[in-house]
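Trainee: I would like to go through this structure with you. Can we take it one question at a time?

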Amino acid sequence: MLKIPNKISIWLSIILSVLFFVVLVASCFYMPLLIYVYMSLKGATVTDSTTEITIIAYAIVGVMAIADILLFILLQRVRKSLVFTNISVALIRGISWCAVILGALFFVLGFYFLIAFAITFACVFLGICLRVTKNVIEEATAIKAENDFTI
Amino acid sequence: MIVINLDVMMAKRKMSLNELSEKVGITLANLSILKNNKAKAIRFSTLDAICQALDCKVEDILEYRKE
């Protein structure tokens with residue numbers, strides 16, 4: 001398996017999170033068009049529910065943007081070797097809540113597009129994984145604090 | 001509660017924090033943490049070095065007080 005050096009890996013993650021944010025911003029401008037194209041492909045007509053779908057889609061993009069910003073801040077802290085701190089734990093907690101909220105939004109979207117129910121499960125599972133990761137980092141932070149104050 | 005009476009022993013031996021830091025081989029910052037009772041644990045090697053430097057017993061440095 002290809003092992004990328006640590007520093008390069010962190011910069012790669014930062015670049016990917018920035019690129020993802022750019023895509024999210026771009027999707028905000030093209031959202032109505034994307035929804036129209038998707039519904040046309042499905043053979044559905046534009047109805048009143050299109051407005052609701054658009055609102056949910058923008059909400060999803062908004063929550064994803066918040067999660068991406070939190071990820072970016074977390075990566076900056078990793079780059080400065082400030083990993084095992086309470087702030088990092090709070091950032092991971094925030095990202096896990098974003099995943100759960102995304103799951104809820106996709107659940108609502110599932111009533112319009114069945115495939116969204118599958119994405120709901122993926123988002124909730126991701127949220128659970130992140131919560132467990134947060135618990136691990138929190139414990140590691142406590143152990144580090146104990147070690148730092150051992151003279 | 002364990003209390004560190006480092007400042008008391010340092011005053012008795014007329015030793016500054018800088019001098020003690022050099023003799024014991026611990027940084028000033030760590031000694032400050034110890035002196036201000038902010039330490040969570042102390043290594044036996046550190047305790048040994050401090051007792052040697054201050055020419056005192058363990059009980060002169062560490063004291064148990066009921067909270």
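Predicted model: local features only at pLDDT ≥ 70, side-chain atom pairs only at ≥ 80, totals over all residues.

Trainee: Start with chain A. How are α3(A) and α4(A) oriented to each other?
Mentor: Helix α3 of chain A covers residues 86-109, and helix α4 of chain A covers residues 115-148. They pack at an angle of about 165°, with their axes 8 Å apart. Angles over 145 degrees count as roughly antiparallel. The two helices, α3(A) and α4(A), are therefore roughly antiparallel.

Trainee: Which hand does the crossing of α3(A) and α4(A) have, left or right?
Mentor: Take the residues of the contact as well. They divide into 18 nonpolar, 6 polar and 4 charged. As for the hand, α3(A) passes α4(A) in a crossing that is left-handed.

Trainee: Now chain B. What is α2(B) relative to α4(B), oblique or perpendicular?
Mentor: Helix α2 of chain B spans residues 17-24, and helix α4 of chain B spans residues 44-54. Their axes are 9 Å apart, and the packing angle is about 120°. The range for roughly perpendicular is 65 to 115 degrees. So α2(B) relative to α4(B) is oblique.

Trainee: Which residues of α4(B) make the contact with α2(B)?
Mentor: On the α2(B) side, the contact is made by Leu20(B), Lys23(B) and Val24(B). The residues of this contact divide into 6 nonpolar, no polar and 1 charged. From α4(B) come Ala49(B), Ile50(B), Ala53(B) and Leu54(B).

Trainee: And what is the orientation of α2(B) to α3(B)?
Mentor: Helix α3 of chain B runs over residues 28-35. Its axis and that of α2(B) come within 9 Å and cross at roughly 110°. The crossing is right-handed. By its angle, α2(B) is therefore to α3(B) roughly perpendicular.

Trainee: How do the residues of the contact of α2(B) with α3(B) divide?
Mentor: α2(B) supplies Leu17(B), Asn18(B), Leu20(B) and Ser21(B). α3(B) supplies Leu28(B), Leu31(B), Ser32(B) and Lys35(B). The division is 4 nonpolar, 3 polar and 1 charged.

Trainee: On to the cysteines. How many disulfides does a search of the whole structure find?
Mentor: A disulfide needs two cysteine sulfur atoms within 2.5 Å. The sulfur of Cys123(A) has its closest cysteine sulfur in Cys98(A), at 11 Å, so that pair is too far for a bond. For Cys51(B) the closest is in Cys56(B), at 4.4 Å, also too far for a bond. Over all chains, the number of disulfides found is 0.

Trainee: Is Cys51(B) buried or exposed?
Mentor: The cut-off for buried is under 20% relative accessible area. Cys51(B) has 11%, so Cys51(B) is buried.
With 11% as its relative accessible area, Cys123(A) is likewise buried.

Trainee: Which residues does Ser17(A) touch, leaving out those up to four places away in sequence?
Mentor: Ser17(A) lies in helix α1 of chain A, residues 6-42. At 7% relative accessibility, Ser17(A) counts as buried. The residues touched are Asp68(A), Phe72(A) and Leu75(A).

Trainee: Last one. What separation do the C-alpha atoms of Ile73(A) and Leu114(A) have?
Mentor: Ile73(A) lies in helix α2 of chain A, residues 49-79. At 38% relative accessibility, Ile73(A) counts as partly exposed. Along the chain, Ile73(A) and Leu114(A) are 41 residues apart. Their C-alpha atoms are separated by 34 Å.

Note on methods. Residues numbered from 1 in each chain as written. Chains lettered and ligands numbered in written order. Heavy atoms only, no water. Axes fitted to C-alpha atoms, helices over the stretch in contact; angles between N-to-C directions. Helix = DSSP H or I, 4+ residues; strand = E, 2+ residues; numbered from the N terminus. Parallel < 35°, antiparallel > 145°, perpendicular 65-115°, else oblique. Contact = heavy atoms within 4.5 Å. Nonpolar A, V, L, I, M, F, W, Y, C, P; charged D, E, K, R; others polar. Left-handed = near helix turned anticlockwise from the far one by under 90°. Buried < 20%, exposed > 50% of the residue type's maximum accessible area, 1.4 Å probe, protein only.
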